[in-house]
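Open the model in your viewer and keep the sequence panel beside it. The tour goes from one selection to the next, with a short note at each stop.

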Amino acid sequence: MNVETDIITLTRFILQEQQKLAPAATGELSLLLNSLQFAFKFIAHNIRRAELVNLIGISGTANSTGDVQKKLDVIGDEIFINAMKSSNNVKVLVSEEQEDLIIFEGGGRYAVCTDPIDGSSNIDAGVSVGTIFGIYRLKDDSKGSINDVLRKGTEMVAAGYTMYGASAHLMLTTGHGVNGFTLDTQLGEFILTSPNLSIPKSRAIYSVNEGNSYYWPEYIKKYIEDLKKPQDDLKGKPYSARYVGSMVADIHRTLLYGGIFAYPADTKSKNGKLRILYECFPMAMLMEQAGGSAVNDKGERILDILPKGIHDKSGIWLGSQGEIDKFLTYLP
Ligand code: AHG
Ligand code: MN
Ligand code: MN
Ligand code: MN
């Protein structure tokens with residue numbers, strides 16, 4: 001029986017990373033990531049129990065982007081706010097579930113943007129949901145304000161998500177590649193399970209809500225229709241369609257299997273549906289760090305967008321470089 005006796009926990013991994021970055025690394029980001037992992041464990045615990053303690057269903061309220069808030073949206077948001085407040089490292093927090101940004105007391109030097117529960121429309125059906133996060137370091141002279149988050153995605157210092165599926169999977173980048181961790185509920189630790197993850201260069205899988213296709217511009221309709229035809233480089237087979245409807249689940253599959261995910265803008269949602277600060281930027285940073293790519297409907301790099309509002313949205317295409325390159329040939 002071979003017992004793994006030298007497992008790498010998230011805490012150990014973060015300290016190893018910190019030593020690589022020392023002396024620049026002050027340990028503050030390591031402490032923040034540890035507070036984040038507590039939030040993921042606590043949210044995972046509540047999601048597992050949701051049906052048992054009547055936590056599914058709607059909360060009867062809506063958020064500033066017009067989403068109906070589920071009970072778990074509200075609970076996930078409260079858990080996250082409390083974990084960030086008690087970390088003493090976070091000064092500014094943007095949450096999908098909070099109209100305005102939150103400024104904490106104390107001298108925290110980080111701004112965190114979060115989607116506490118992504119995919120919540122699916123949650124009552126037991127489909128995987130997740131928490132998405134992106135982290136900025138405050139500007140040197142800043143005491144903490146909206147200017148610390150209305151910045152390009154290229155300025156994020158860390159990003160990732162935790163998907164609450166059969167296990168809790170954390171995908172994390174601190175700008176030096178992507179590493180995947182799985183929560184061992186017995187140990188209560190996230191264990192390194194996918195070191196240095198890279199996305200396949202191409203894969204014949206497309207992931208988009210075709211229920212919106214009537215409202216798409218012609219070039220997007222043509223691109224998607226062409227994927228359905230027999231492909232010369234696939235021995236005459238067409239692409240496969242895979243769409244969960246939870247961004248975290250669709251991105252997790254795209255990172256592991258390859259392919260392309262899209263939520264385009266259309267005539268009914270002129271900036272698309274996904275929010276830049278806490279959905280587009282973190283997933284774009286992960287994709288680029290895994291060797292993939294992330295662009296908007298015009299083919300411009302997502303991380304170069306400068307948001308004007310904390311809940312701004314953008315059309316988004318992300319996944320394998322080869323698939324993004326194919327999409328770019330359809331631009332008008
Ligand atoms: P959230 O649950 O955080 O509001 O996000 C929902 C998003 C995202 O998870 C997913 O990709 C998209 O909504 C699905 O939208 P459609 O149901 O319109 O396809
Ligand atoms: Mn929502
Ligand atoms: Mn979301
Ligand atoms: Mn959400």
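A donor is an N, O or S atom within 2.8 Å of the metal, and because water is not among the atoms, a site may look incomplete. Keep in mind that this is a predicted model.

**Stop 1: the manganese ion (ligand 2)**

Select the manganese ion (ligand 2) and show the side chains around it. Which residues coordinate the manganese ion (ligand 2)? They are Asp67, through OD, and Glu96, through OE, at 2.0 to 2.1 Å.

Now colour the two residues by accessibility. Asp67 has 24% relative accessibility, so it counts as partly exposed. Glu96, at 4%, counts as buried. The cut-off for buried is under 20%.

**Stop 2: the manganese ion (ligand 3)**

Draw a distance from the manganese ion (ligand 2) to the manganese ion (ligand 3); the two are 5.4 Å apart. Then select what coordinates the manganese ion (ligand 3): Asp115 (OD), Asp118 (OD) and Glu279 (OE), at 1.9 to 2.1 Å. In the sequence panel, the donors of this ion follow the spacing D-x2-D-x160-E.

Are Asp115 and Asp118 buried or exposed? Asp115 has 0% relative accessibility and therefore counts as buried. Asp118 is buried as well, with a relative accessible area of 4%.

**Stop 3: Ser120**

Ser120 has 13% relative accessibility, so it counts as buried. Show its contacts, leaving out residues up to four places away in sequence: Ser120 touches Lys70, Asp73 and Val129.

**Stop 4: helix 1**

Select residues 10–21, which form helix 1. This helix has 12 residues and reaches 16 Å from its first C-alpha to its last, close to the 16 Å expected at 1.5 Å a residue.

Highlight Leu10, Phe13, Ile14 and Glu17, the buried residues of helix 1. Turn the view to look down the axis of helix 1: the buried residues fall within an arc of 100°, so they line one face of the helix.

What covers the buried residues of helix 1? The cover includes helix 2 (28–49), along with strand 8 (168–173), strand 9 (178–184) and strand 10 (189–197). Show these elements together with helix 1 to end the tour.

Terms used
Residues are numbered from 1 along each chain as its sequence is written. Chains are lettered from A and ligands numbered from 1 in the order in which they are written. This is a predicted model: local features need pLDDT of at least 70, side-chain atom pairs count only at pLDDT 80 or more; totals for chains, interfaces and linings use all residues. Side-chain values use heavy atoms; hydrogens and water are left out. Helices (H or I, at least four residues) and strands (E, at least two) are DSSP runs, numbered from the N terminus. The expected span of a helix is 1.5 Å times one less than its number of residues. Buried means under 20% relative accessible area, exposed over 50%, partly exposed in between (1.4 Å probe, protein chains only). The arc is that of the directions from the helix axis to the C-beta atoms. Contact means heavy atoms within 4.5 Å. Donors are N, O and S atoms within 2.8 Å of the metal (3.2 Å for Na, K and Ca); water is not among the atoms, so sites may look incomplete.
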